[in-house]
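Dear colleague,

I am handing over the structure below, and after it you will find my notes on the side-chain contacts. Please read them with the coordinates open.

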Amino acid sequence: MPRTRRRIAIAAAAVGNGIFGFSFMFSRMALAVASPFTMLMYRFVTAFLVLGLIALWAKRTGQTGWFRFSLRAGQAAPLCLLGLFQPVCYFLCESYGISLTNATFSGVIIALVPIAALGAGVLALGEKPSLSQVGFALLSIAGVVLMTLQQSAQGEVQPLGVVLLLGAVASGVLFNLCSRKLSAQFSALERTVVMMLIGAVTFTALALWENRGRWQQLVAPLGSPAFLWALLYLSCLSSVVAFLLLNYANTELPVAQTSVFCNLTTVISLLAGVLFLGEPFGLVSLLASVVIVVGVWGVQRRPKA
């Protein structure tokens with residue numbers, strides 16, 4: 001792969017996960033006004049509408065590469081599985097898994113996504129990371145573990161919560177694998193459009209079921225400026241831009257390289273809390289952040305051809 005294209009793909013993975021890091025802060029803002037299903041409904045419906053306009057423009061102007069859109073309804077079946085893994089299964093498993101465990105445990109489990117993806121890439125796609133990449137991936141995970149261990153471990157860890165968090169890890173891994181495998185057939189835009197459609201349909205159905213007989217609660221969040229600002233970020237940036245970037249990165253890079261960037265989300269989320277919410281930031285947080293960044297850098301340093 002040409003060096004310039006590889007660097008663009010690495011930048012796409014880094015920026016995409018950086019956007020995800022800020023999404024936790026905006027999700028808190030939205031969840032202060034709306035229930036999780038209602039928030040997710042508005043998020044993915046808005047994202048799908050925005051992507052629909054982009055897809056229409058791409059088709060009419062004959063775009064190529066990762067912005068190509070020539071998808072027909074009969075061709076979309078393989079992409080439905082991608083949308084099922086991410087956002088549907090991942091969001092459901094992560095949200096409820098966190099609610100049934102504590103912050104420390106859930107943070108450590110979710111941090112296993114990169115190493116699980118690295119192993120899955122070897123088994124399913126025949127990718128062969130170097131020992132150096134494996135070591136730096138483990139270093140990055142150690143940084144996340146160190147960061148989460150400093151948090152309060154109060155709260156019961158229920159068995160169902162453990163199962164759901166492992167389901168979130170599996171969903172994250174399977175998303176990376178499917179996106180990588182389908183990249184030979186579908187562009188990044190085509191993959192992302194179907195993902196947002198699956199998310200919009202699923203979470204709309206769940207929100208309607210949750211608010212049956214209480215329709216006022218379904219539309220009430222739209223009267224909150226804070227909710228609308230959060231929705232703008234979560235839909236346009238965290239769903240449209242970030243997933244487009246990740247799907248592009250999965251087209252160009254092995255799963256081991258793209259998945260390790262998800263640990264940067266932890267660092268960005270921490271910094272967002274410190275800068276905008278006044279949350280504490282100590283020496284342990286600084287050390288853990290440095291360890292994570294060094295680990296991510298190390299995985300990219302010597303990619304397999």
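Arginine 180 forms a salt bridge with glutamate 127 in this predicted model, with 3.4 Å between the closest N and O atoms. Because arginine 180 lies in helix α7 (residues 159-182) and glutamate 127 in the loop between α5 and α6, the pair ties together parts that are 53 residues apart in sequence. Arginine 180 is partly exposed, at 21% relative accessible area, whereas glutamate 127 is buried, at 14%.

The structure holds three salt bridges. Another of them joins arginine 68 and glutamate 190, whose closest N and O atoms are 3.3 Å apart; arginine 68 lies in the loop between α2 and α3 and glutamate 190 in helix α8, so this pair ties together parts 122 residues apart in sequence. Arginine 68 is partly exposed, at 29%, while glutamate 190 is buried, at 2% relative accessibility. The side chains of arginine 5 and glutamate 252 also meet in a salt bridge, at 2.9 Å from N to O, and since these residues lie in helix α1 and helix α10 respectively, the pair ties together parts that are 247 residues apart in sequence.

As for the rings, the count comes to 12 aromatic pairs. One of them is the edge-to-face pair of phenylalanine 20 and phenylalanine 243, with 5.2 Å centre to centre and 65° between the planes; phenylalanine 20 lies in helix α1 and phenylalanine 243 in helix α10, so parts 223 residues apart in sequence are tied together. Both phenylalanine 20 and phenylalanine 243 are buried.

Technical notes. Residues numbered from 1 in each chain as written. Predicted model: local features only at pLDDT ≥ 70, side-chain atom pairs only at ≥ 80, totals over all residues. Heavy atoms only, no water. Phe/Tyr/Trp six-rings, centres within 6.5 Å; stacked < 30°, edge-to-face > 60°. Helix = DSSP H or I, 4+ residues; strand = E, 2+ residues; numbered from the N terminus. Buried < 20%, exposed > 50% of the residue type's maximum accessible area, 1.4 Å probe, protein only. Salt bridge = Lys/Arg side-chain N within 4 Å of Asp/Glu carboxyl O.
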